[in-house]
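Subject: A structure for you to look through

Hello,

Here is the structure I promised to pass on. Please open it beside this message, and follow along as I describe what turned up.

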Amino acid sequence: MRKRVILVMKKYVIEPLGVMHLAGIARELGWDVSVFLYESIAGKFDFGPLYEEVRDSKPNLVGFSVWTGAHVQSFLAADMIRSMGIPVAIGGPHATYYTADCARHADMVAKGEGFRIFRHMLTGEEFPGVKQISPGVFFDSEPRAEAFPLPMRETVYRRYPELGASPIKSIMCSTGCPFHCSYCNSPALNDMYKKPGESSGFKNVFRVRPINDIIAEALFVRDKWGVKMFYFQDDIFGYDMAWLQEFSRRFRKEVGVPWHCQVRLELTRGEPGDRRLDLFREGGCSGITLAIESGDAFL
């Protein structure tokens with residue numbers, strides 16, 4: 001009998017990219033996967049359909065991706081599912097920074113980058129760098145060792161057709177950011193992966209997906225569900241200039257769909273910044289989002 005995992009996350013206006021990539025790992029391993037996105041109704045999250053699905057399908061594992069702000073309700077749901085005799089795993093930002101808090105409500109917790117940790121949870125296979133750092137808590141000291149799996153979009157779009165019907169679809173091309181904004185988690189994440197003698201662990205977490213993979217994903221989305229714009233959700237899209245040059249040349253020609261991205265203001269300054277913006281335009285970029293940090297309330 002095939003094993004089954006249910007992945008759970010709060011519903012947002014964009015696709016749950018992290019969960020869909022994790023679902024791709026489970027599919028690759030031959031597991032049956034479903035994704036449940038909980039929503040707020042009258043200020044409360046409705047987990048009733050999730051409990052019903054757990055009772056009916058009796059999964060081998062339920063995995064929660066938890067963001068701070070939705071953690072209290074997620075913990076209540078996790079406790080309920082564990083009381084039904086189903087193991088629970090918790091990952092995501094809250095698990096990374098409030099690990100002990102999550103460990104009280106889960107059988108397994110992923111701290112930090114979780115692709116290989118999730119693979120270990122499903123198979124029990126050992127990987128160099130993936131260690132149990134406290135009871136039930138796992139950390140991967142080599143976060144770039146596992147390539148991005150292709151996201152399992154069809155499962156999400158079938159259950160939540162409004163996401164599949166959206167004219168804007170999101171794709172992740174890279175992870176990591178070297179900047180030190182006070183409102184962001186990246187500085188803490190970089191410190192978490194810093195090796196002895198290094199001032200920052202950024203280069204240990206920064207990774208860029210192969211362009212062939214991104215184009216294949218974009219074509220699959222374009223041809224199966226339709227799209228008017230791709231939104232690249234990277235914190236700093238196009239940080240690697242050599243990668244950006246090839247991407248800009250190929251994406252417009254092979255995919256032909258406009259795109260939007262996020263970038264730090266510093267990366268648009270001077271001659272390198274001018275070149276980066278030129279490549280954005282040449283590649284089909286229709287707009288960028290900038291996060292602006294200032295101590296001045298007016299700004």
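Ile-171 stands opposite Phe-232 in β13. That strand, residues 229-232, pairs with β10 in the parallel sense, over four bridges. Please keep in mind that this is a predicted model.

Let's step back to the sheet around this pair. It is open and built from four strands in the order β10-β13-β14-β15, with parallel pairing. At its edges lie β10 (168-171) and β15 (285-289), each of which pairs on one side only. From one strand to the next, the twist averages 25 degrees.

Helix α13 (residues 270-283) lies across β14 (259-262) and β15, and it runs at about 135 degrees to β15.

Now for another sheet. Seven strands form an open sheet with mixed pairing, in the order β2-β1-β5-β6-β7-β9-β8. Its edge strands, β2 (32-38) and β8 (130-134), each pair on one side only.

Is it buried or exposed? Five of its five residues are buried, so β5 is largely enclosed by the rest of the structure. Both of its faces are covered: Leu-61, Gly-63 and Ser-65 are buried on one side, and Val-62 and Phe-64 on the other.

Which strands does β5 pair with? With β1 it pairs in the parallel sense over four bridges, and Leu-7 has Gly-63 in β5 as its bridge partner. Four bridges also join β5 to β6, and these two run parallel. Here Gly-63 turns up again, with Ala-89 in β6 as its bridge partner.

Next, look for helix α3 (residues 71-83). It lies across β2, β5 (61-65) and β6 (88-91), running at about 175 degrees to β5. Together, β5, α3 and β6 make a right-handed β-α-β unit.

Further along the sheet, strand β7 (residues 108-111) and strand β9 (residues 137-140) pair in the parallel sense over three bridges. Ala-110 stands opposite Phe-138 in β9. Helix α6 (residues 115-123) lies across several strands, among them β7 and β9, and runs at about 135 degrees to β9.

Enjoy exploring, and write back with any questions.

Best wishes

Technical notes. Residues numbered from 1 in each chain as written. Predicted model: local features only at pLDDT ≥ 70, side-chain atom pairs only at ≥ 80, totals over all residues. Heavy atoms only, no water. Pairing = 2+ DSSP bridges. Axes fitted to C-alpha atoms, helices over the stretch in contact; angles between N-to-C directions. Contact = heavy atoms within 4.5 Å. Buried < 20%, exposed > 50% of the residue type's maximum accessible area, 1.4 Å probe, protein only. Right-handed = clockwise from strand over helix to strand, strands pointing away.
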